[in-house]
Amino acid sequence: MDVTTEAVPTDHKVITPGVYEIRVYKDFCKACGLCVAWCPQKVLAPDEENYPLTPGLDKCIGCKLCEWHCPDFAIEIVAPGAEVEDVDALIHDR
């Protein structure tokens, strides 16, 4: 029996669960539940008014399915180190 082993690609992205921040902008959210429904890791859960909570934040893999399917741009996934410290400088230094 001849067994060949294929090399594991080294250019793939390693996903570390639990390092992402999830921001819910309740002023924009209409509590439709789409973000909860699309989350493959079951990170989100509805509160008593159907607004998303993040009880499983440690399981978030940053796939952004919740963010992409939100019709009101009311949820944002932020990767570590993705914050822009000086927004004014970024805008005005063009």
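Colleague: Why is Cys32 called partly exposed?

Modeller: This is a predicted model. Cys32 has 39% relative accessibility. Buried needs under 20% and exposed needs over 50%. Cys32 falls in between, so it counts as partly exposed.

Colleague: What about Cys60?

Modeller: Cys60 is in no disulfide either. Its nearest cysteine sulfur belongs to Cys66, at 6.7 Å. The search of the whole structure finds 0 disulfides.

Colleague: Is Cys60 buried or exposed?

Modeller: Buried. Its relative accessibility is 6%, and the cut-off is under 20%.

Colleague: How many aromatic pairs are there?

Modeller: The count is 1. Tyr25 and Phe28 form it.

Colleague: What makes Tyr25 and Phe28 a pair, and why is it called tilted?

Modeller: The centres are 6.3 Å apart, and the limit is 6.5 Å. The planes make an angle of 55°. Stacked needs under 30 degrees and edge-to-face over 60, so the label is tilted.

Colleague: How accessible are the two partners, Tyr25 and Phe28?

Modeller: Tyr25 is partly exposed at 31%. Phe28 has 51%, and exposed means over 50%, so Phe28 is exposed.

Colleague: Which ring does the charged end of Lys26 sit over?

Modeller: The ring of Tyr51. The charged end of Lys26 is 4.5 Å from the ring centre, and the distance limit is 6 Å.

Conventions: Residues are numbered from 1 along each chain as its sequence is written. This is a predicted model: local features need pLDDT of at least 70, side-chain atom pairs count only at pLDDT 80 or more; totals for chains, interfaces and linings use all residues. Side-chain values use heavy atoms; hydrogens and water are left out. A disulfide is a pair of cysteine sulfur atoms within 2.5 Å. Buried means under 20% relative accessible area, exposed over 50%, partly exposed in between (1.4 Å probe, protein chains only). Rings of Phe, Tyr and Trp (its six-membered ring) pair if their centres lie within 6.5 Å; planes under 30 degrees apart count as stacked, over 60 as edge-to-face and the rest as tilted. A charge sits over a ring if NZ of Lys or CZ of Arg is within 6 Å of the ring centre and within 35 degrees of the ring normal.
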